[in-house]
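Work through the exercises below with the sequence and the model side by side. Try each task before reading its solution.

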Amino acid sequence: MPELPEVETVRRGLEPAMEGARFVKVEARRPDLRWPLPKDFAARIEGSTVIGLGRRGKYLLADLSSGDVLMMHLGMSGSFRVARNAKAKTPGTFHHERSVAPGHDHVVFHMSSGASVTFNDPRRFGFMKLVPRSDLDRDPLMRALGPEPLGNAFDAALLAKACAGKKTSLKAALSDQKVVAGLGNIYVCEALHRARLSPRRRASTIANKSGRANERAERVVEAIKAVLNDAIKQGGSSLRDHRQTTGELGYFQHHFRVYDREGGRCPTPGCGGAIKRIVQSGRSTFFCPVCQK
DNA sequence: CCGCGGGCCTGAGAGC
DNA sequence: TGCTCTCAGGCCCGCG
């Protein structure tokens, strides 16, 4: 599910409940997530305070006063909800709200702020992990991440360098977290449409022979930043599982130009092509074969 | 080293 | 209604 905009939406929702607050009690109800939670998971967190809540790619990183960093990943179906107190039922204040899958609340944080933070993940592809802060840069999961797409350092030159010499498709390259951290199936499709580039194009064609950026690389970078910023403003995309920490859905799915719109009309002004669905590396790709070259 | 396909899990929706 | 099949926002791993 969650790509960078959804994770960032979750981060912003968790921040007021968690930052500066202490873990009063941690419930590890179901430890067999993608990777099992350590036996001492709860004990290692309880009593510590959240110094800051950050994000790197699709990872949430809670910096704890204990010296650990709590890494959290939402996998495909993970979500967090914040309740002001543990007994209160889900506030049904949003008419677009849907209920989360029952019986999949795997981890619950009871914070000194009075809020409880519940991690729900039906498919259990998500996980949590504790890493000493001093080891974070050496952590294999962190080392496998390329640049932050919304960071100043991410530009055409950097992207072109990462794609130079790649025989794989542009779609697969942009989905690779080592090339750029945080994109997934939706936002790669959407960014390539905005950049008017075919997902089937070889990744290396956004660089020249010496690995320098060409005009296509500029377009891709601009499109990535634009689509991610737009999606964050809308609270991310809710196809099935994603919701904001209040339970409210994201709204960016109403702004998709190609994703999940097979057969629909291409929104590029003057194009009018029919959106096509193909399969690349086992995943659906949506694009307009008329204006995406 | 690189790229691809399988597998991990559960639930929703389509088709019969 | 109920069964079976396909597909889903991610990512690790083994194979060629």
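Two residues are in contact when they have heavy atoms within 4.5 Å. The model is predicted.

**Exercise 1. Overall fold**

Task: Describe the contacts, secondary structure and dimensions of chain A.

Solution. 
- Step 1. Take the contacts in chain A between residues at least 6 apart in sequence; 68% of them join residues at least 24 apart.
- Step 2. Count the elements. Chain A has seven helices and 10 strands.
- Step 3. Read the extents. The C-alpha trace spans about 55 × 45 × 30 Å along its principal axes.

**Exercise 2. Surface and charge**

Task: What share of chain A is buried, and what makes up its accessible surface?

Solution. 
- Step 1. Buried residues make up 53% of the 293 in chain A.
- Step 2. The accessible surface is about 13400 Å², and carbon and sulfur atoms account for 49% of it.
- Step 3. Turn to charge. Chain A carries 48 positive and 29 negative charges, and their mean positions lie 7 Å apart.

**Exercise 3. The nonpolar cores**

Task: Which elements give two or more residues to the largest nonpolar core?

Solution. 
- Step 1. Find the core. The largest one holds 38 residues, and those with the most contacts inside it include Leu159, Leu183, Tyr187 and Ile224.
- Step 2. Assign the elements. Helix 4 (156-163), helix 5 (170-175), helix 6 (185-194) and helix 7 (215-233) each give two or more residues.
- Step 3. Helix 7 gives the most, with nine residues.
- Step 4. Look beyond this core. Another core, of 31 residues, lies apart from it, with Ala21, Leu53, Leu60 and Phe119 among its members.
- Step 5. Return to Tyr187. Beyond four places in sequence, its contacts include Glu3, Pro5, Val227, Leu228 and Phe252.

**Exercise 4. Leu192**

Task: Is Leu192 buried or exposed? Which residues does Leu192 contact?

Solution. 
- Step 1. Leu192 belongs to helix 6.
- Step 2. Apply the cut-off. Buried means under 20% relative accessible area. Leu192 has 1%, so it is buried.
- Step 3. List the partners. Outside four places in sequence, Leu192 is in contact with Leu170, Lys171, Leu174, Leu197, Pro199 and Gln292.
- Step 4. Take one pair. Leu192 and Leu170 are 22 residues apart along the chain, and their C-alpha atoms are separated by 8.6 Å.

**Exercise 5. Positive phi**

Task: Where do Arg196 and Ser281 lie, and how exposed are they?

Solution. 
- Step 1. Arg196 is not a glycine, yet its phi is positive, about 55 degrees.
- Step 2. Arg196 sits in the loop between helix 6 and helix 7. Its relative accessible area is 39%, so Arg196 is partly exposed.
- Step 3. Ser281, also not a glycine, has a positive phi near 50 degrees.
- Step 4. The loop between strand 9 (276-280) and strand 10 (283-287) holds Ser281. Its relative accessibility is 63%, so Ser281 counts as exposed.

**Exercise 6. Phe125**

Task: Which residues does Phe125 touch beyond four places in sequence?

Solution. 
- Step 1. Phe125 lies in the loop between strand 7 (116-120) and strand 8 (127-132).
- Step 2. With a relative accessible area of 35%, Phe125 is partly exposed.
- Step 3. Phe125 touches Arg34, Gly75 and Met76.
- Step 4. The C-alpha atoms of Phe125 and Gln253 are separated by 22 Å, with the two residues 128 apart along the chain.

Note on methods: Residues numbered from 1 in each chain as written. Chains lettered and ligands numbered in written order. Predicted model: local features only at pLDDT ≥ 70, side-chain atom pairs only at ≥ 80, totals over all residues. Heavy atoms only, no water. Helix = DSSP H or I, 4+ residues; strand = E, 2+ residues; numbered from the N terminus. Buried < 20%, exposed > 50% of the residue type's maximum accessible area, 1.4 Å probe, protein only. Areas by Shrake-Rupley, 256 points an atom, 1.4 Å probe, with all protein chains shown as cover. Lys, Arg positive; Asp, Glu negative; His and termini not counted. Charge placed at Lys NZ, Arg CZ, Asp CG, Glu CD. Core = buried A, V, L, I, M, F, W, Y, C linked by side-chain atoms within 4.5 Å.
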